[in-house]
Amino acid sequence: MDDLSGIPGAESWTTVEPVLKGWSSDRKFYVQDQAGRRLLLRLSAGNTYHRKQQEYEGIQRFNGLDFPMSRAADFGLCGVGEDGEQSVYMLLTWVDGVPLEECLSGLPPEEQYRLGAEAGRILKQMHMIPVEEELPHWEADMQSKILSRIREYEDCPYHLEGDQQVTAFVRENIGLIHNVEKVYHHGDFHIGNLLYTPEGKIGVIDFNRWDIGDYAEEFYKLQIFDRERSIPFAAGKLEGYFGGPPPEAFWKRQALYVAYTSLYSIKWSIPYGAADIQDMMDRCRLALSDYDNFLRSVPGWYLVAGE
């Protein structure tokens, strides 16, 4: 077990159980103390202190909103490992609920849509927090990132039929991100980080990928994860966010983000092995089908959902 010395109240913990779910490099634990208080403990390498402090402050920013979510409880340095370095600890409140990805498909379609609409309204709340930072280089940096990731895909050993049409689409439409509205992103807002609470509401967890950027960018994982599990949920999420069908400008940028991330996800998955590579290639094929190899900006699944 990690050395937890230095965490206030740790001596009263009666339960410390590993939480193995998720892609994060953090070590995560479910914690319960003598008073019955339940928490999530995240432990990170000491050299991540500044980044994790920003993450903790980001969570505190979102905590001003009113919906079930992980809430900041404590943050600091603890223990001393075999390498002589301390760990960064973050304590968050535990959110009750069933992972949405595990139960969504078993719910009636109208309930799936309702939960999607609720998730969309929650995301809209998050995006309405005023952005305080100045980001004069965001557009140039974002364009550079997108084009770099397309090149990384092109240089990797795994490719899909029809991908040249997709890479051409990305390069031709990179200018769509000019002068866009910037918001605070959750950074990973999809069914894998949402809970179905005992009260039948949406709970939000895992803010560790938060950043600032185009509001439309927050939705590309809807195509990768949400649409795969539940088209009613995905459609509801969009319409809950926009208060109805999304505008054309959103669809065009969404197509750009889906196109480049679908291809890059194949390259990204390589270190995780053959099963994950195949999984991402299948998801990319589905995106190419939904968008007719990006000859259209509104995906076919959404058009079907509206019929």
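Helix α6 (residues 220–229) and helix α9 (residues 274–290) cross at roughly 85°, and their axes come within 10 Å of each other. That makes α6 roughly perpendicular to α9 (angles under 35 degrees count as roughly parallel, over 145 as roughly antiparallel, 65 to 115 as roughly perpendicular and the rest as oblique). Please keep in mind that this is a predicted model, where local features need pLDDT of at least 70, side-chain atom pairs count only at pLDDT 80 or more, and totals for chains, interfaces and linings use all residues. Residues are numbered from 1 along each chain as its sequence is written, and side-chain values use heavy atoms, with hydrogens and water left out.

**Helix α6 against α9**

- On the α6 side, the contact (heavy atoms within 4.5 Å) is made by Gln223, Ile224, Phe225, Arg227 and Glu228, and α9 brings Arg283, Leu286, Ala287 and Asp290.
- Sorted by class, this contact has four nonpolar, one polar and four charged residues.
- In that sorting, Ala, Val, Leu, Ile, Met, Phe, Trp, Tyr, Cys and Pro count as nonpolar, Asp, Glu, Lys and Arg as charged, and the others, Gly among them, as polar.

**Helix α6 against α7**

- α6 also packs with helix α7 (residues 231–242), at an angle of about 130° and with the axes 5 Å apart.
- The two helices, α6 and α7, are therefore oblique to each other.
- Leu222, Asp226, Arg227 and Arg229 of α6 meet Ile231, Phe233, Ala234, Lys237 and Leu238 of α7.
- By class, the contact of α6 with α7 has five nonpolar, no polar and four charged residues.

**Ser230, between α6 and α7**

- Ser230 sits in the loop between α6 and α7.
- With a relative accessible area of 2%, Ser230 is buried (under 20% relative accessible area, with exposed over 50% and partly exposed in between, using a 1.4 Å probe and protein chains only).
- Its side chain makes a polar contact with the side chain of Gln112 at 2.4 Å (a pair of N or O atoms within 3.5 Å; within protein, one must be able to donate a hydrogen and the other to accept it, and residues adjacent in sequence count only if both atoms are side-chain atoms).
- The Ser230 side chain also reaches the backbone nitrogen of Phe233 at 3.0 Å.

**Tyr153 in α4**

- Tyr153 belongs to helix α4 (residues 138–155) and counts as buried at 0% relative accessibility.
- Setting aside neighbours within four places in sequence, Tyr153 is in contact with Tyr158, His159, Leu160, Asp163, Leu263, Ile266 and Lys267.
- The C-alpha atoms of Tyr153 and Ile266 are separated by 7.3 Å, although the two are 113 residues apart along the chain.

Terms used: Axes are lines fitted to C-alpha atoms, for helices over the stretch in contact, and angles run from 0 to 180 degrees between N-to-C directions. Helices (H or I, at least four residues) and strands (E, at least two) are DSSP runs, numbered from the N terminus.
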